[in-house]
Amino acid sequence: MLELGLIAFGEPLVLIALLVLPAVWWLLRVTPPAPRRIAFPPIRLLFGLRQDEETASRIPLWLLLLRLALVTLLILALADPIWRPAEGTARSNPLLIVMDNGWAAAPDWDTRRAQAEALIDGAARAGELVAVAATAPEARPGPIRFLPAGEALSRLRALTPAPLTPARGALAARLAQMERPEGALDAVWIADGLNHGSAATFAEALQDLSKGGSVRVLTNLPVTIPPVLTPPEPGRSGLELTIYHPEVMETRDGHIEARGEDGRLIGQADWQLPRAATATKVTLDLPLDLRNAVHRIEVTGARSAASTVLLDERWRRRAVGLVSGAPFEADQPLLSDLYYLERALAPFAEIRKPGAAGRAEDGVSQIESLLTNPLSILFLADIGSLSGSDTQRIREWVEDGGTLVRFAGPRLTAQEADDLLPVALRQGGRTLDGALSWTEPQRLAPFEETSPFAGIELPGDVTVSRQVLADPRDLSFVQTWARLEDGTPLVTAAERGEGRIVLFHVTANTDWSNLPLSGLFVSMLQRVLDLAQGVATQNAASDGGLLTPRRVLDGFGTLGAPSPQVKPISLADWTNAVPSPEHPPGFYGKEGAARALNLGSEKLDLTLLPALGGVEMKTGFGEAVHRSLKPALLVAALLLLLADGLAALYLTGRLTSGGDRTKTTAVALAGLMALPLLLTGDPASAADDSFALRAARETHLAYVKTGDSETDRISHAGLRGLTRKLQERTALEPGDPMGVDVESDELAFFPLLYWPVTENAQPLSDATAAKVSAYMQNGGMVLFDTRDQISADFSGGGNEPLRRVLGKLDVPPLEPVPGDHVLTKSFYLLQSFPGRWEGGQLWVQAPQRGRVQTNDGVSAILIGSNDFAGAWAADESGRALLPVTPGGERQREFAYRFGVNLVMYALTGNYKADQVHVPALLERLGQ
């Protein structure tokens, strides 16, 4: 390669051809243009002839220069010129490219990849083999091979940043075991600018591997490393975050943005990191309602998983109401029923108490004033009796999802118990100290595994001297969360509608127990707060104690569907969970109770890349990288060739007016203008013909392309797995599934469309919405899958991405699938419709009385949320790609059965609803 400043030539020897330009000049100059042809009939001699017109003996100068420029452009194009070539792209040995593809490499990933592409291009010119390796850990690392440049380029373009820290040591071990060409090789390491504790060791490994070849390190400027954002402490009054960055000699500043689950901007704050500083704090002050809507916080423009913090329900600050039956709260606070409650809850919740106007003797106005505004938990400390209106108001609030926590005391013991208790109480209290006590003060027994308090360490000095006793006849109908050593319940609970009622069988102050003086009291109340927030400690019980992956971050900090390599996290291991290839940062667990696993931590090593001995280092990637000028020169040469053709027509008289000549000129001009189309063809038209021919040749299941590569891959794999089951179990033999672009592709070829709804789904254009609506009205069926396990009433609006997709469609009234619907018996007898998840509702078109049923009464639209393609997804050998929870392989089998029923329903319609099938169905049900 010949480099001349900003331009280089991949084939410099071709430039020697420029020496023949003088010969071309002479040859073209002495060659006259072709003579003009004139019709001979005598009459024609009188028209169009001028006595002063002579035939040129030499080619015109302008045409000569045009043809010389054409030859020059062709020579330069064949020399393969490159604008601003990347340094060190010339090759004489096989090339090993090592890419740091962790979180720190994400912001300037395009520039890094362009550097690597330039290196591969140089190796291709030299005919050398190339190997591409990445430092981010992989769940299933494959072999590293030296490949031809074209295959290596495909491998490079498949690489993306991972939300992990590079594991250079593990990569060095793999490189030492790979098959490599004989002799020396060149190694180029495109580093992320950070040490990660192993840069020097890894550089030495590359030198040993090169065996005399060159080793270069390309790295970015330290200021371009993305900042690390660490999560705030859960439950605190403000969202205080810490930003870390390597030490650089300049001031850095920026913004953080808080966004909701739907992506809307909720709040913003500025941050600044002084010169040479490595950490700074930034606080987001938001009203309670807005704070609780925050789903993620990110550093603006950073584009990195380490600059993104995900917040789950643990960071939601809940409103807590406190009401006491005691009349002397202000005068004797240490004896107050609320003193210890308030101090235990204040760091984690917003405390609300009734104003001074409240009538403490019955609590009517107190409770009324508290429940007027949204409230998560209501604590009643020794409230004896409640008025009828308060009782009804609290009962409705609990059934709508509120959590009522009551503490015992003299008033509750003396009054007749109401129904706002989890368990019936025996009259009177149980005294455990004094001369007439039943026994010595009791300690607490270890918490059972099914208790929300499980895992809390019990101090040895907490004792109970008095309590209220539950009626033993009711204990089998309630949950016992805590017991004394003699087995008597200390904390009981019961579900009421969507909410629950909890009773502490002791006082909230120190009259009956020293529990409020201990840290155990704070821990127990935190667990109760977690329950009210939806983050119950047993939120994974139905999943076998596992938190299944829900949405995970990629290296750029974007949430997406988990890959097949992502595994659930055991609830017992959650406290010690760290991001890994099997457990990337993201949300794990059920909807409404998901836990957030974040990458940002003060433990991340932010030490800059040190000086590495024995290797060539370059800092900074530059602005423009390695752009070939060959295509532009060839296009310019083609345009000059067209101009030369027009000039030849002019000089030979073909452009003069006249019947045949005019026709000849028009044909020539049309041919010249069509030359680019003849060279390039019409790929769009060819693609349309190919798509239609393939779709019409046999029956295909189809999925809608979303633009998200991972989602489309799972959709294709899912329909491929379902197609295989249809071929094995039915007479139908569909072809391979096809992806459909709803904007440009014809939909009429497909009986069923699987439409996965992604988080970033956009509204359909008017033309596309009309096409999809016409497809459904004319017999087509669409299964919309939100893949989020939402079982809420669809009539309430569904989720936001689904609303955007359906906004312009003609959607008929929908209802949950009835128990006698044809979909439950079109091939298999089914009672539920699971996918990768279970529990989400499936909606179909509701029958409309008094109207003629179209499409034989078959629903044109189905809406589900169980990620059906994820359960059907299989590789080429038929092995499942994604885990299925909570039912495992049995649930996957029923997911396949639902898929078979769905296709049969789409193809055969409502015939199984005929009464003639009833005897056979009853016989099968009885077997």
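A residue counts as buried when its relative accessible area is under 20%. The model described here is predicted. By that cut-off, 47% of the 927 residues of the protein are buried. The secondary structure comprises 21 helices and 40 strands. Contacts between residues at least 6 apart in sequence were also examined. Of these, 74% join residues at least 24 apart.

Helix H4 spans residues 149-158. Its buried residues are Ala149, Ala152 and Leu156. Viewed down the axis of H4, these buried residues fall within an arc of 60°, so they line one face of the helix. Several elements cover them, including strand S4 (95-99), helix H3 (109-126) and strand S5 (130-134).

A helix pair was examined next. Helix H2 (residues 61-78) packs with helix H13 (residues 630-651). The angle between them is about 155°, and their axes lie 9 Å apart. Angles over 145 degrees count as roughly antiparallel, and H2 is therefore roughly antiparallel to H13. The crossing of the two helices, H2 and H13, is left-handed. On the H2 side, the contact is made by Trp62, Leu63, Leu66, Arg67, Ala69, Leu70, Leu73, Leu74, Leu76 and Ala77. On the H13 side, the contributing residues include Lys630, Leu633, Leu634, Ala636, Ala637 and Leu640. Leu641, Ala643, Asp644, Ala647 and Leu651 of H13 also take part. The residues of this contact between H2 and H13 divide into 18 nonpolar and 3 charged, with no polar residue.

Backbone geometry was considered last. Most residues other than glycine have a negative phi, and most peptide bonds are trans. Some exceptions follow. Phi of Lys211 is positive, near 50°. Lys211 sits in the loop between helix H6 (199-210) and strand S7 (215-219). Lys211 is exposed, with a relative accessible area of 59%. Asp382 also has a positive phi, near 55°. Its loop runs between strand S17 (377-381) and helix H10 (388-399). Asp382 is buried, with a relative accessible area of 3%. Thus one positive phi belongs to an exposed residue, Lys211, and another to a buried residue, Asp382.

The peptide bond from Thr885 to Pro886 is cis. Its omega is near 0°. Pro886 lies in the loop between helix H19 (868-872) and helix H20 (888-908).

How values were computed:
Residues are numbered from 1 along each chain as its sequence is written. This is a predicted model: local features need pLDDT of at least 70, side-chain atom pairs count only at pLDDT 80 or more; totals for chains, interfaces and linings use all residues. Side-chain values use heavy atoms; hydrogens and water are left out. Axes are lines fitted to C-alpha atoms, for helices over the stretch in contact, and angles run from 0 to 180 degrees between N-to-C directions. Helices (H or I, at least four residues) and strands (E, at least two) are DSSP runs, numbered from the N terminus. Angles under 35 degrees count as roughly parallel, over 145 as roughly antiparallel, 65 to 115 as roughly perpendicular and the rest as oblique. A crossing is left-handed if the near helix is turned anticlockwise from the far one by less than a right angle, and right-handed if clockwise. Contact means heavy atoms within 4.5 Å. Ala, Val, Leu, Ile, Met, Phe, Trp, Tyr, Cys and Pro count as nonpolar, Asp, Glu, Lys and Arg as charged, and the others, Gly among them, as polar. Buried means under 20% relative accessible area, exposed over 50%, partly exposed in between (1.4 Å probe, protein chains only). The arc is that of the directions from the helix axis to the C-beta atoms.
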